[in-house]
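I opened my notebook to look up a few spots in a structure, one at a time. Here is what I wrote down as I went.

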Amino acid sequence: MRSKHQKPTRPTRPRGKRHENKERNRQAILKAALDLFAEKGFCQTTTRAISRKAKIAEGTLFNYFQTKEDLALYFFEQELAQIIAWYQRDKRIRNAGLPEKLFAIIHRLLDRLAPYEEFIGAVYLRALQPASRLSPLSLSTQEQNLRYLRFVREILAEAAAEGEIPDTGDLGAYGFALFHLAVITYWLQDRSGGKEDTLALLDRCLKLAAHAIRKGGWDW
Amino acid sequence: MFETGCPCYPEGGLGLVKKSSGALHRGLRLGKLGLSLTGSYLGYQAQNIFLSEEKRDQRRRRFQTQSSRRVREELGSMKGAVMKLGQLLSQQTHALPEAAISELANLQMHAPGMHPTLARAQFKSSLGLAPEDAFRTFEEEPFAAASLGQVHRAVTREGKKVAVKIQYPAIRTAIENDLKLLRSATFPARLTGYAPADIIDEIQRGFLEETDYLQEGRNIELFARELKGFDFLTLPKVHWDLTSERVLTMSFVEGEIISRFLERHPSQALRDLIGTRMVELYYTQVHELRALHADHHPGNYLFQPDGWIGLIDFGCVKRINFDASSLIRSCVGRTWRQGDKEAARVLRLVFGPRIPYARARKMLPTLEVMTSVLYPEGKDADPLVDFGKAQSLKVLAKTLKQALRDKVTNPEFAFISRAELGLFSLLHQLNARVNVREIWRRCDRGS
């Protein structure tokens, strides 16, 4: 079932050469920044080092990203687009059961975040400050939040159409988004080898939740 | 309610839903316990309970009235998670009485199934690379359940067929948590009525050893080294480069499990041959290796039409610390008939030094019966033991169970008894006739 909410991952604009160049620079800066974050850590990385690595003048860099927070926002935007594209491409996962689908979405993101754990941790701390541009309540994150929520809502709606769960509407998507944030927090704290505790937690929570939704609640 | 065939019975209404709610309720409560962030093995078990109930639910919708009776029977026989752990306790020791013993031969530890994405994630988390990068091909769907995980077929980059055993994530932590719970003041008494600290230590050692696939790999190599004289025996070979604590990659052992093997109606000669070989393997392990492949689950023996035997799953290997050779020598010669002194010596082997002779000697008739089946007496007696005869198995099972039930039994002996029980039940299914005494003599001379 394809709903009317489905949209391309980026807003459509006329895409000229200038836009392409801009996008290429953005990507180059992000890649340089991520490499440096992984190598030196988020706090130790200076904008000068990033601009040098990306081979872009420091002044130009500020045209693209004014703060490290902007860089982080762009990073998440890219990751979300990647995940949506992967999900739509991967036929097997689209035919899997709902707990596996949701597991795969969260796990795939964690897998991609793994090399930048310290960066993500730092970003998380900043996002907790209400005034931060990274806060889930800030206007700058709204576009991405909505894209994410639509994506999840559609998956839940498909599962409902196939009778796997009752229709959960927007609430289901919001619930999952909160759970997703909680899992990332847990993952950041997870000190088990290979972060296998996160895998177990994720698997069991999703199975239990799918069961509970199907039954209309936990019958403690 | 649904016996009437009504497709829209109310949830939580009469009949099955109501009936299962006790187990489900208990399961969910334990599941909640298991939801604590570090997890609980009991929690996993509980999850299994209600997830399987869920599957039953789906099936019920499909078959409606036809299956209702069967479904209810299944639910009726469903055991709670607590009981399950109790049975597991009894597998390791003799902590639990009768109820558990009847299921001893078929016990295994179970972990919840993993969907392909989770299995892949666990593989990558443990080895640092994804299965599709590690192997030429990797089958996403498992072909067998293993203790604590599942087994996938794969082909290595060099083109070798392998079996890849993947452990459910964080099961070790979960078991550790349960054992902490078991050690707490109130739990053991409630669970088994009898679970002293040293027994829990023993369980912990055994369980945690089983969660370490590197240890299992070393077990395989030990057995391969010590049993290499048996040219009919196939053991897996460990691929150490693709093995970790939680992933075990080993060569694929060909063969069929007993039930499928029997569907081909193997000749009596072949059955006898295989039976003889199994007994030979068993005695060699007990007397020469002094370590035993302790999981006599039927799925761990694979058979081939030419009489080859494949032995797999070395997670549970038990070192033998008591003088089993001396005990069997005494059984074959019935040395306890020589007088009280000798009888006391034999019984000490069985019960350990703590049990007074007066109490232990009650066991003598049981020993007599058992030896008369395994090592027939007298020159004219047919030395072949017909394991296919229900009577033989019954006598053996009864005496062993009696020995197990007696809480004073030496844990070492109890352990061997259980292994024997598993072996005998396999031999019974095979309908094999085996000259046990002759095999024992060969092994005894050899050692």
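**Entry 1: a residue of chain A.** Is Arg48(A) buried or exposed? I noted before anything else that this is a predicted model. I then looked up the place of Arg48(A) and found this residue in helix α2 of chain A, which covers residues 47–54. Arg48(A) has 10 C-beta neighbours inside 10 Å, and a residue with 12 or fewer is exposed, so Arg48(A) counts as exposed. I also looked up Leu30(A), which is 18 residues from Arg48(A) along the chain; their C-alpha atoms are separated by 14 Å.

**Entry 2: two helices of chain A.** Next I turned to α4(A), residues 68–89, and α8(A), residues 142–161. Their axes come within 11 Å and cross at roughly 20°. Angles under 35 degrees count as roughly parallel, so α4(A) is roughly parallel to α8(A). I wrote down the crossing of α4(A) past α8(A) as left-handed.

Which residues meet here? From α4(A) I listed Phe76(A), Glu77(A), Leu80(A) and Ile84(A), and from α8(A) Gln144(A), Arg147(A), Tyr148(A) and Phe151(A). I sorted the residues of this contact into five nonpolar, one polar and two charged.

**Entry 3: chain B as a whole.** I stepped back to get an overview. Chain B has 447 residues, and 43% of them count as buried. I found 20 helices and twelve strands in chain B. Among its contacts with a separation of 6 or more, 64% join residues 24 or more positions apart.

**Entry 4: a serine of chain B.** I picked Ser125(B), which sits in helix α6 of chain B, residues 116–127. Ser125(B) counts as buried because it has 22 C-beta neighbours inside 10 Å, and the cut-off is 20 or more. What does Ser125(B) touch, leaving out residues up to four places away in sequence? I found Gly194(A), Lys195(A), Glu196(A) and Leu199(A), which carry the chain letter A. Leu302(B) is 177 residues from Ser125(B) in sequence, and the two are 31 Å apart in space, C-alpha to C-alpha.

**Entry 5: one side of a helix.** Last, I checked α14(B), residues 324–333, where the buried residues are Leu327(B), Ile328(B), Ser330(B) and Cys331(B). They cover an arc of only 155° around the axis, so they lie on the same side of α14(B).

Terms used:
Residues are numbered from 1 along each chain as its sequence is written. Chains are lettered from A and ligands numbered from 1 in the order in which they are written. This is a predicted model: local features need pLDDT of at least 70, side-chain atom pairs count only at pLDDT 80 or more; totals for chains, interfaces and linings use all residues. Helices (H or I, at least four residues) and strands (E, at least two) are DSSP runs, numbered from the N terminus. The arc is that of the directions from the helix axis to the C-beta atoms. Axes are lines fitted to C-alpha atoms, for helices over the stretch in contact, and angles run from 0 to 180 degrees between N-to-C directions. Angles under 35 degrees count as roughly parallel, over 145 as roughly antiparallel, 65 to 115 as roughly perpendicular and the rest as oblique. A crossing is left-handed if the near helix is turned anticlockwise from the far one by less than a right angle, and right-handed if clockwise. Two residues are in contact if their C-beta atoms, placed from the backbone, lie within 7 Å. Ala, Val, Leu, Ile, Met, Phe, Trp, Tyr, Cys and Pro count as nonpolar, Asp, Glu, Lys and Arg as charged, and the others, Gly among them, as polar.
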